[in-house]
Structure formats: C-alpha cells, structure tokens
Amino acid sequence: MDSFLSWIHDNQQIIYIVILMVFVGIEVIGRVPSVLHTPLMSGANAIHGVVIIGAIIVMGKAESDNYLALILGFLAVVLGTLNVVGGFVVTDRMLEMFKKKKK
Amino acid sequence: MELNILTLCYLIGSVTFIVGLKMLSNPATARKGNLIAAGGMVIAILGTIFLYEEDGQKLGNYGWIFGGIAIGTLIGFLAAKKVKMTAMPEMVSLFNGMGGACAALISIVEYDHMMAHPPFAEGFSFFPPMDTFFQDPAIPYGKVIIILLGLIIGSVSFAGSIIAWGKLNGKVKDFSFKGQHIFNIVMMLAILGLATYLTINIQGSSHVLFYIIFALSLLYGVFFVFPIGGADMPVVISLLNSFTGVAAACGGFLYDNKVMLTGGILVGAAGTLLTILMCKAMNRSLLNVLIGSFGAGAAKAAGGDGKQQGSYKEISLSDTAVVMSYASKVMIVPGYGLAVAQAQHACHELEKLLEAKGVDVKYAIHPVAGRMPGHMNVLLAEADVPYEKLLEMEQANEEFATTDVVLVLGANDVVNPAAKTDPSSPIYGMPILDVELAKNCIVNKRSMKPGYAGIENDLFFQPKTSMLFGDAKKVLQDLIAEIKNL
C-alpha cells in the first residue's frame, strides 16, 4: 500500500496529465457535427503520429554498432513520418473542399 | 537552457494539439485547426531532434533520422495527395497502422536496449537516475509494463488497420469460423498472461517470450478485425485510431515526454468517444459491434430464410427524367454506390439542372452512409454542393412527407425499413431515413444484390418504389442528358 501511494506521489504529474487529457479529449470533440467526423478522425490520426518523437529518440541514441536498433529505429522514423505527414495532408485535402464551397 | 527551450517546444506542441482538435470540430475553423496542429507537430519534432538530451548527451545518427523523415515525408505526401476521395477511409486506416507499427518498433528497440543494459543488474531497486519517471525503486516493473503495453497495443493496431484497409478496398474478405469469439478471447488472455509472466520474471528472461507476445499481438489484430462486417469498418477504424493514441501515450510514459503523452491520451479519449458516437448512430453497443460479426451473421440469416420478397418494378431513364423535372421537391439520398462510381460531380450537375427548372433539391445524409461517418459530406463537398443543401437525418426525416421524389443513389442499408419493422433483422433498431414517406422513391443500384450488410431490402419491393439499374455515374449523366432534352 505504501509503495502504491508513493508511486502515486512520485508520478502525480503524469497521472494528472492523463486524467485531464481524457476529459479534454472528450470535451473538445463532444459537439462535433457529423459532417466533420471523417476529417476529425483523420486529424486525430495525424496527431497520434506524435509517436514519431519516440522513434527519433530511439534512433538518435542507438549505438552505431547496434544494427537492430538502427534498422528498427529507422523503420520507426519512416513509419511515424508517414503517419504524421500523410495524416495532416489527407486531412487538409478533405477540409480544402469544405472551404471552397464557403465562398 | 536548451532543455528549457525543448520543454517550451513540447508545451507549444501539446497546446496546438488541443486547440487544433477543438478547431477541427467546427466547419469554419477546421482547416486552420489542422494546420495549427501540424505546425505544433513540426516544432515538437524539430525540438526533439536538435535539443533532446539524455544523460547529458545529444542525439546522434542525424543522417539516419533525416533520411527516414525524408523518405516518410515523400511517400506520405504523395500517397495522401494522390489518393482518390473514395479511398480516403482506407488511407486513414493505413496511416493509422503505420503509427501503430511505429509504437511497436519503439517497444522492441527499448526492450532490447533494456535487456542489454539491465537496470536490475545490481539488484531490483536500481534504476538509472536519468530515467526520471521510473526511478522509484518501488516500481521496478513499470518500464517493462509500459514497453509491453506499447508493443501489444501498437501491434494490434497495426495488424488490425492493415486488415481494415484490405477489407475496405476489397482485397480481404470477411472471414470467421465457429467459436472465433472464444478463440479471440483465449488469445487475448494468453497475451495478457504471457505479458504478466514476463513482467514478473523479467530478470533472466530471454527475448523469445517477448517475440512470442509480439507475434500473438499481431495475430490478435488480424483475428480481431477479420470477422467484423464491412458495414462496421468505420467503427473499427475509429477504435484502432484510439488504440494507436494510447500506444503513443505509452511512449510518452517511457520517455517522460509530455507532448507524446498529451497527444496520445487526447487522441485515445477523443477516438473512443467518436467510436461510441458512431455506434450510437447505428443504435448498437460497441460490444455488439465487436463480437456481433454483423456481416457474417446477416448473410447466414438471409440465406437461411431464402424467402422471396415479391416483385419490383423498373423505371426507364426518360420516365425518371420526367418525374424529377416536374416535381417540386426532390431529395437525394447518397450512399456508397455514389462514392464507388465517383458520381458526386454528376450528382451536383443534376442538382443544378433541376434547381434551374425550379425544383427544390436537397440531400439527405445518413450519419453512417458510405464507409465512414461524414463520408458523403466530404464527397459532396468535393463537388461544390453547398453546405446548406445537406440535411442531417432528423431534418431530412421531417421533410420526406412533403417530398415528391426521393432519389436513392447507391444507398441501401440506411434506407432499409427492416431496421424499424423486423426485430430479427441484424440492423433492427438502427435509425434510418424514412424515404418511404415520400410520394415516389427511385432507387439507383447496380443490381438487386443486397447491400454491404447482406440484408434484403423491403423498400425495393414497395409499390411506391421503382428501380433504376446501372452505375450511378453513368445513370446520372444519362439522366442529365434526358432532362436537357425534355
């Protein structure tokens, strides 16, 4: 019990962030009109591409003789970038069409 | 100093994600929101590359990093630019899978790294001091748990997304076998059991068990999506999207990285809510979607009954042209058939032509028409159909009674009255567009084959309904020509 409480104490920042972000995530898209469901899903898809930061860290600290880390890290960077770039560009393409008809 | 700037970069990144997502949920600001989130992402990525430090050491291997980013950017940009509007859902699923794979790869490398430099070499309580999040000796297992979570969720998301992608573009067929649900549950339990075992016995564990978990997770992703019917694919993609969010958040835990944590959890929460909203639109629970094997069960039911529904009547193009031009109010109900035939421009042309003749034309958009919520809106927006002409289901249902002609373009399950009248139907309880209230209903389909959910549609056999067979685009173009000739 003690160790659990001290774990909560030591990681309170992270725990706060997780809890608050869950509510922010729900609140922020709560009133989305169904028109925007697809672009929103696509946009959210691009945002979780933030996982690429992890890939960059893995890649950046890999020792130059550790081929497993180098190859997998490189692959992770490529895939993560695909997620980010592809995600944002597809979303922009969808939304571009919404803007045009606003004129 | 530099680390402080990095913190600022991450703070900016986190805020732009929240603001971006918020703006994405409003049509007027959506595009800007997307760009803001993208901008924040660039800042966070550049900050990481140039400012990140661990144990006082900067990141190396810049050649590899920039090479990877260049390749990813090129492929991602071209794929996203070239993809057809109809294939958008597949594309989103594919990109989502890439994110999941990225998370899983990070876990593999980090596991390998951890085993090569065991943090527990000098007893359980020791953790490298720079490993800020897990330095507490009370939880030596924390890092292992996070790595395994990232691996499992990332792999399931990757494999599932690839299957969903294959299903949407027709490369993968629905597949299920007897007892598959039990098989899936057993597999899930096996994964969790092995992961728990590995966590507890992390000392002296080999890589074998870790890779078994990896393989099982991939397999689980495949079998998780396999039996789910095509009509439920949007729900599944949205769910996998939130999975990847959680996998990204695991990376945030691992590196004590706030921007990954915020972005990941944000998407995880928003994606889950979006998934539930989609299920609600179909009046089904998430559990029902996941274990229901919608498509397979429905096909069996239809095959088992095999009852003849009666006869339908066909209508010719010229008759359709006359009926529509002399109507005072026409409602168009688009569905997946419109997307497949790329008929959105022809559809808009027909609408303009009819409007010029004084006909009031509107579109009735069912929330789950097409393969993704909002699919039809995106498609019609591409063809410049004005925003005000698109009615949501509730508005449309109020107007059907005063509508002269309903033109159903490649939609099927969303106008199936069985959802209201037949409790044994798999779509029973799903809100539908009440097109049968209108005076006339013209249904354009390629053939009498049942729709994606595999259910017969009584609507086609009702006296008010006439069938207009053919590819949506060709039919619309011919119809336009006929109307012009009147």
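Predicted model: local features only at pLDDT ≥ 70, side-chain atom pairs only at ≥ 80, totals over all residues.
The contact between the two chains draws on 84 residues from chain A and 104 residues from chain B. About 8,600 Å² is buried between chain A and chain B, and carbon and sulfur atoms account for 77% of this area. The count of salt bridges between the chains is 3; in the salt bridge that A:Asp92 forms with B:Arg31, the closest N and O atoms lie 2.9 Å apart.

The largest nonpolar core comprises 165 residues, of which A:Ile53, B:Leu21 and B:Leu350 touch the most other members. Helix 4 of chain B, spanning residues 88-116, gives the most to this core, with 16 residues. When residues up to four places away in sequence are not counted, B:Leu350 touches B:Met324, B:Leu407, B:Leu476, B:Leu479, B:Ile480 and B:Ile483.

Helix 1 of chain B, covering residues 2-24, gives the most to the nonpolar patch, with 5 residues. B:Val15, which is found in this helix, has a relative accessibility of 44% and therefore counts as partly exposed, since that class lies between the limits of 20% for buried and 50% for exposed residues.

Terms used: Residues numbered from 1 in each chain as written. Chains lettered and ligands numbered in written order. Heavy atoms only, no water. Helix = DSSP H or I, 4+ residues; strand = E, 2+ residues; numbered from the N terminus. Buried < 20%, exposed > 50% of the residue type's maximum accessible area, 1.4 Å probe, protein only. Core = buried A, V, L, I, M, F, W, Y, C linked by side-chain atoms within 4.5 Å. Contact = heavy atoms within 4.5 Å. Buried area = accessible area lost by both parts, 1.4 Å probe. Salt bridge = Lys/Arg side-chain N within 4 Å of Asp/Glu carboxyl O.
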